[in-house]
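Hi there,

Here is the structure I promised to pass on. Have a look at it first, and my notes follow below.

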Amino acid sequence: MHLACPRCTSLAVFGRLPLFWYMMDNRFSCNVDDVSTSVSGLRTQPVLRMLQLKGRTLIPVVQGGMGVGISAGGLAGAVARAGGLGTISSVDLRRLHPDLMQRTGHLDKEPDAREIIEAANLEALDREIVRAKKLAQGKGMVAVNIMKALSQYQGYVQQALVSGADALVVGAGLPLDLPELARDFPNTALIPILSDARGVQLLVRKWEKRGRLPDAIVIEHPRLAGGHLGAANVADLQDLRFNFEVVLPQVLAFFQAHGLEGKIPLIVAGGISCHADIVRLQALGASAVQMGTAFAVTRECDAAPAFKRVLAQAKPKDIVEFVSVSGLPARAVRTPWLNKYLRIEPKLKAAAHLKKKCNMSFDCLAHCGLRDGDGSIGQFCIDQQLGHALDGDVHKGLFFRGAGTLPFGEEIRSVQELLDWMLVGTKPQVLEEVLL
Ligand SMILES: Cc1cc2nc3c(=O)[nH]c(=O)nc-3n(C[C@H](O)[C@H](O)[C@H](O)COP(=O)(O)O)c2cc1C
Ligand code: SF4
């Protein structure tokens with residue numbers, strides 16, 4: 001039976017993190033059947049299970065990878081230090097390193113431009129992994145997110161492995177070859193990002209034949225998450241098969257039938273914003289939640305303050321879905337650039353033609369609608385637009401964002417404050433006063 005929790009006046013925190021127990025708080029809808037202990041008249045319950053990953057115990061809140069440069073070593077390291085899985089997005093990280101930009105930013109038609117830029121990006125990835133691990137001080141885990149759709153997918157995978165990432169999180173395409181690519185790194189967790197039960201079944205069966213199981217699977221909800229979305233097209237985003245209430249039981253039934261029960265933790269992503277969400281999703285069988293937008297607006301996020309403000313201040317009516325230049329649907333804030341692009345998109349698509357060279361000289365995508373003249377998909381340079389967003393250029397940038405509400409409204413808060421809210425239900429003090 002699910003009932004609203006009785007009001008209680010205080011929260012008890014057993015140390016800071018990790019948290020196995022918390023005092024029931026009136027803000028959450030809790031399962032009263034779970035209540036197991038009574039201390040000084042206040043009821044306690046074991047609510048959140050910790051995430052078990054490759055023999056390590058982590059808090060059940062994962063920070064999702066966010067490119068370009070939004071989640072780099074700073075954010076991922078802060079999350080790992082708090083006992084979580086912090087994720088560096090691998091794509092075009094040289095943008096965070098002035099010396100690497102000085103070396104590569106001017107390159108255009110030089111025959112070796114692509115090689116030099118790619119080398120700089122791999123060097124930047126190595127630096128960010130080292131930075132994150134240093135910040136983490138041995139706590140939590142540092143992951144690297146790699147999009148399968150990138151032309152440098154294999155290069156980023158190899159670099160992340162060699163540089164000592166604790167986990168690889170791969171989406172934007174089916175990473176069927178990941179077990180082979182990571183064969184020599186059995187201690188690195190391999191985590192694919194999928195959206196429905198069919199994708200999970202397909203990938204698990206193929207990986208099993210290659211002798212390796214996913215160490216966890218991120219199930220990302222295309223109707224709620226930010227960035228590139230795992231659906232066939234924009235209309236498909238609404239399909240009910242993506243609902244957590246549908247996909248989780250289907251995947252768990254597949255695991256049970258396949259003898260995999262309890263072996264592969266499921267991490268759900270998209271639209272998650274409070275402690276009650278974690279309780280509800282763990283009751284459905286998830287092991288942890290992954291959040292993107294809420295981490296993008298933390299103080300530790302590696303993007304410019306203006307980037308964070310655009311995401312934090314966006315209202316539901318400002319958030320729009322469209323088809324990216326990669327061919328995948330995407331979700332972002334309708335900023336001046338995106339508004340203009342969407343207005344002229346039909347014309348750009350009609351005029352699409354094969355270009356002599358890639359806009360940024362390093363061919364970030366394996367298949368690019370703009371470079372390859374594919375008029376059935378997006379017609380803009382995603383690296384350029386995301387780079388503007390990273391710099392906080394409100395007029396020219398493409399600002400990916402999830403569809404959900406943010407825990408602290410327009411406020412920019414710390415990673416620790418966000419985790420306190422998600423794990424214990426504690427709102428930052430000043431915010432609490434404002435709300436009362
Ligand atoms: C600004 C931004 C950039 C993102 N970039 C990536 C990315 O490069 N790779 C990826 O796998 N997911 C990306 N995502 C998705 C997040 O990792 C996360 O799964 C998703 O945003 C969860 O939904 P939420 O924002 O509602 O919490 C991005 C999301 C945002 C908001
Ligand atoms: S044109 Fe832009 S989006 Fe396309 S491959 Fe080149 S850098 Fe990537």
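A quick definition before anything else: helices here are DSSP runs of H or I with at least four residues, strands are runs of E with at least two, and both are numbered from the N terminus. Please also keep in mind that this is a predicted model.

With that in hand, the protein has 14 helices and 18 strands. Of its 436 residues, 48% are buried. Taking contacts between residues at least 6 apart in sequence, 65% link residues at least 24 apart.

Let me start with Asp112. Asp112 sits in the loop that runs between helix 2 (98–104) and helix 3 (113–136).

Next comes helix 3 itself, together with helix 4 (residues 153–162). Their axes come within 10 Å and cross at roughly 35°, and the crossing is right-handed. On the helix 3 side, the residues that take part are Glu118, Leu122, Leu125, Asp126 and Ile129, and they meet Gly155, Tyr156, Gln159 and Ala160 of helix 4. By type, this contact is made up of 5 nonpolar, 2 polar and 2 charged residues.

Ligand 1 is surrounded by 29 residues, and the closest of them are Gly64, Gly226, Gly227, Gly292 and Gly402. Strand 10 (141–147), strand 16 (288–291) and helix 9 (293–296) are the elements that give two or more residues to this shell. Which element gives the most to the shell around ligand 1? That is helix 9, with 3 residues. The shell around ligand 1 divides into 12 nonpolar, 15 polar and 2 charged residues.

Ligand 2 has 13 residues around it, and those that come nearest are Cys358, Asn359, Cys364, Cys368 and Cys381. Here the division is 9 nonpolar, 1 polar and 3 charged.

Best wishes

Technical notes:
Residues are numbered from 1 along each chain as its sequence is written. Chains are lettered from A and ligands numbered from 1 in the order in which they are written. This is a predicted model: local features need pLDDT of at least 70, side-chain atom pairs count only at pLDDT 80 or more; totals for chains, interfaces and linings use all residues. A residue is near a molecule or strand if its C-beta atom, placed from the backbone, lies within 6 Å of it. Ala, Val, Leu, Ile, Met, Phe, Trp, Tyr, Cys and Pro count as nonpolar, Asp, Glu, Lys and Arg as charged, and the others, Gly among them, as polar. Axes are lines fitted to C-alpha atoms, for helices over the stretch in contact, and angles run from 0 to 180 degrees between N-to-C directions. A crossing is left-handed if the near helix is turned anticlockwise from the far one by less than a right angle, and right-handed if clockwise. Two residues are in contact if their C-beta atoms, placed from the backbone, lie within 7 Å. A residue is buried if 20 or more other C-beta atoms lie within 10 Å of its own, exposed if 12 or fewer, and partly exposed in between; C-beta atoms are placed from the backbone.
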